[in-house]
Amino acid sequence: MRRSSLLWTLLPPLLVVLVLTLVLVTGFTGRSMRDFVLDQVQAELEHTALLLEPHLTHLVEAGDEAAVQRACQKVEEDTGMRLTVIMPGGRVIGDSEQNPQFMDNHANRPEIMKAMTGETGMSLRYSATQKHQRMYVAIPAGVTSDHARTFVIRASVSTHSVSLLVRRIYGEIALVGLALLIIAGGISLLVARNISHKIGYLRDGAEAFAEGHFDRELAVADPMELSDLARSMNSMARQLDERMRKTESQRQELAAVLASMIEGVIAVDADENIIRLNKTAARMLGYSEKDAIGRSIQEVGRNSELTALAQLTLSDYKSREKDVHLGGARETLLEVQASGLVGLDGERIGALLVFNDVTRIRRLQTMRRDFVANVSHELKTPITSIKGFVETLIESPPDNREELDRFLGIINRQSDRLGQIIGDLLALSRLEVTDQTRDIEFFDLPLRPILERVVRDFSNRQPEHSGRIQLECSPDLRATVNAPLLEQAVGNLVDNALKYGREGSTVYLSCQANNGTVNLQVRDEGLGIASHHLPRLFERFYRVDKARSRQMGGTGLGLAIVKHIAQAHGGLASVTSEPGVGSTFVITLPREETA
Ligand code: ADP
């Protein structure tokens with residue numbers, strides 16, 4: 001559709017009205033003027049005829065037609081009027097312009113016919129001989145006593161000058177009209193400009209509102225309609241502003257809720273494209289929040305199980321739960337709850353997927369299961385052995401003393417082993433409990449006396465190894481520790497170093513300050529450990545060589561206890577080893593106060 005400006009909307013009807021008015025005014029005025037002038041001319045013609053009537057009556061009654069002719073010519077000379085004298089019956093006896101002898105009978109001329117009846121006749125008609133319009137006025141003359149007319153005097157003039165006058169009047173009115181048109185156009189232009197300017201101001205205001213700048217206050221003084229419009233727009237802007245603020249705060253609340261959720265949340269639309277996801281979900285899937293929006297779940301999830309779950313939910317809108325394995329270095333296991341996403345009006349929008357990272361929980365569950373199985377297995381071996389020997393003793397007691405002593409010796413060793421396993425398990429579980437309840441007490445103590453106690457303890461318990469342990473630790477080195485626990489941990493490490501070290505080799509026990517930490521180190525010159533065992537070495541019941549460990553009276557829990565004690569101190573336990581050369585175990589403790 002063609003668009004027209006305010007000026008071009010206002011101006012044409014105005015011009016049409018003006019032109020129409022002008023035409024009508026000109027028409028009526030011209031006509032009145034013409035009628036007025038013609039009336040004047042008619043009156044003048046009649047007046048002239050009346051003035052001449054006595055003289056002409058005299059001449060006609062005297063029968064002097066030549067004198068009549070001369071009188072007619074004289075009138076034309078004096079006034080410019082044509083004068084014609086016509087006898088009843090229509091014969092012309094005098095005419096100021098032509099010779100009456102050659103003139104037609106005038107009885108049928110309308111003005112003459114009227115005058116013959118005794119009234120003044122008038123006729124306006126086009127003269128073929130003179131090529132323009134003329135006015136003829138005829139009066140009855142020479143009235144006799146019986147009211148019979150003896151003749152008719154007709155005066156006539158060309159109305160050409162009247163036409164010229166009327167035309168001039170038309171011209172002048174047209175000029176004035178043109179001036180009026182120009183003035184009206186100018187005024188319309190100014191008015192339209194003024195209104196356009198105000199409308200433009202309101203349009204700018206509306207655009208500013210659309211861009212969210214609601215602080216603008218629109219004001220238009222007049223016309224009233226625009227002023228009302230400005231007020232309505234202001235009130236609309238205020239309402240919009242309020243509504244948008246409310247929506248924005250709701251949006252932020254929702255975003256904050258989603259962002260602080262531990263669970264990952266993804267909403268997809270019916271086309272499987274992501275419409276929303278929170279930080280957790282983005283992190284889990286290894287995608288940035290911004291990049292993920294608008295992409296398909298296939299692209300972002302890169303997991304067929306996840307895609308299938310979303311598609312299934314979109315097809316039936318039923319809620320379901322599924323474990324999904326995500327690939328990658330960490331082998332993440334997600335528990336995904338999927339449900340249909342339904343709008344307030346019941347409209348199906350898409351699907352909602354809520355992720356829970358259950359990798360750790362499942363690993364712990366597996367570990368717990370394995371632990372229970374391991375504990376049962378570890379306990380079962382000595383118990384089976386004890387039970388077997390006790391049954392043998394009951395059913396067929398040995399005859400000789402040595403055999404009996406051997407049996408009892410085995411039962412005793414297995415009971416010790418049982419006691420050791422239970423003792424280590426209890427130590428571990430105590431550590432776990434106290435670590436969780438934060439019941440362990442720590443003191444800032446010098447480390448050397450603690451290590452000395454460990455060495456002394458070994459010398460007392462295993463005098464055969466007393467010379468093997470070499471201690472190197474500055475008496476000034478202090479750390480915040482629980483002395484009995486640390487003693488237990490170092491004791492376990494030294495015990496292992498003696499057990500798995502080469503026969504008679506030295507075990508080096510030392511402590512050093514390192515920036516921000518204190519390291520307690522136990523180094524042996526023994527078998528060493530193959531590197532693939534190292535990551536799992538601190539797990540419960542993990543042994544490199546099961547038979548050797550058992551034979552050495554190991555429970556497989558020693559290093560697990562070391563790890564827990566180090567962690568309880570806010571530190572960690574680590575190992576480096578080279579098969580055939582030896583191993584170095586380090587307990588790293590923080591030097592600051594531990595909580
Ligand atoms: P165990 O009671 O069997 O010694 P630990 O938890 O103390 O249990 O040790 C776990 C395993 O680590 C041991 O079975 C052993 O194979 C290996 N190990 C521990 N310390 C050393 C060491 N100093 N040298 C070689 N192997 C070791």
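Buried here means under 20% relative accessible area, with exposed over 50% and partly exposed in between, using a 1.4 Å probe on protein chains only. What you're looking at is a predicted model, where local features need pLDDT of at least 70, side-chain atom pairs count only at pLDDT 80 or more, and totals for chains, interfaces and linings use all residues. Residues are numbered from 1 along each chain as its sequence is written, and side-chain values use heavy atoms, with hydrogens and water left out.

**View A. The disulfide of Cys473 and Cys511.**
The structure holds 1 disulfide (a pair of cysteine sulfur atoms within 2.5 Å). Its sulfurs, from Cys473 and Cys511, sit 1.7 Å from S to S, and the link is right-handed, with 90 degrees about the S-S bond. Cys473 is in the loop between β12 (469-472) and β13 (478-481), while Cys511 belongs to strand β14 (residues 507-514), so the pair ties together parts 38 residues apart in sequence. Helices (H or I, at least four residues) and strands (E, at least two) are DSSP runs, numbered from the N terminus. Both Cys473 and Cys511 are buried.

**View B. Helix α15, residues 558-568.**
How many of the 11 residues of α15 are buried? The count is 9, so the helix is largely enclosed by the rest of the structure. Among them are Gly558, Leu559, His564 and Ala568. Just after α15, Gly570 takes a positive phi of about 80 degrees.

**View C. The largest pocket.**
A pocket is an open set of points on a 1 Å grid over the protein atoms alone, where a 1.4 Å probe fits, with protein on both sides within 12 Å along at least five of seven lines; lining residues have an atom within 4 Å of a point. About 1,200 Å³ of space lies in this one. Its lining runs to 49 residues, with Asp495, Asn496, Lys499, Tyr500 and Gly554 nearest the centre. Elements giving two or more lining residues include α11 (401-437), α12 (448-461) and β17 (582-590). α13 gives the most, with 10 residues.

**View D. The second largest pocket.**
This pocket holds about 870 Å³ of space. Its lining has 20 residues, and Leu364, Met367, Glu432, Arg540 and His564 are the closest to its centre. α10 (359-395), α11 and α15 each supply at least two lining residues, and α10 gives the most, with 8. His564, one of the residues closest to the centre, is also among the buried residues of α15.

Definitions and conventions: Points joined across faces, edges and corners; volume = space filled by probe spheres on them.
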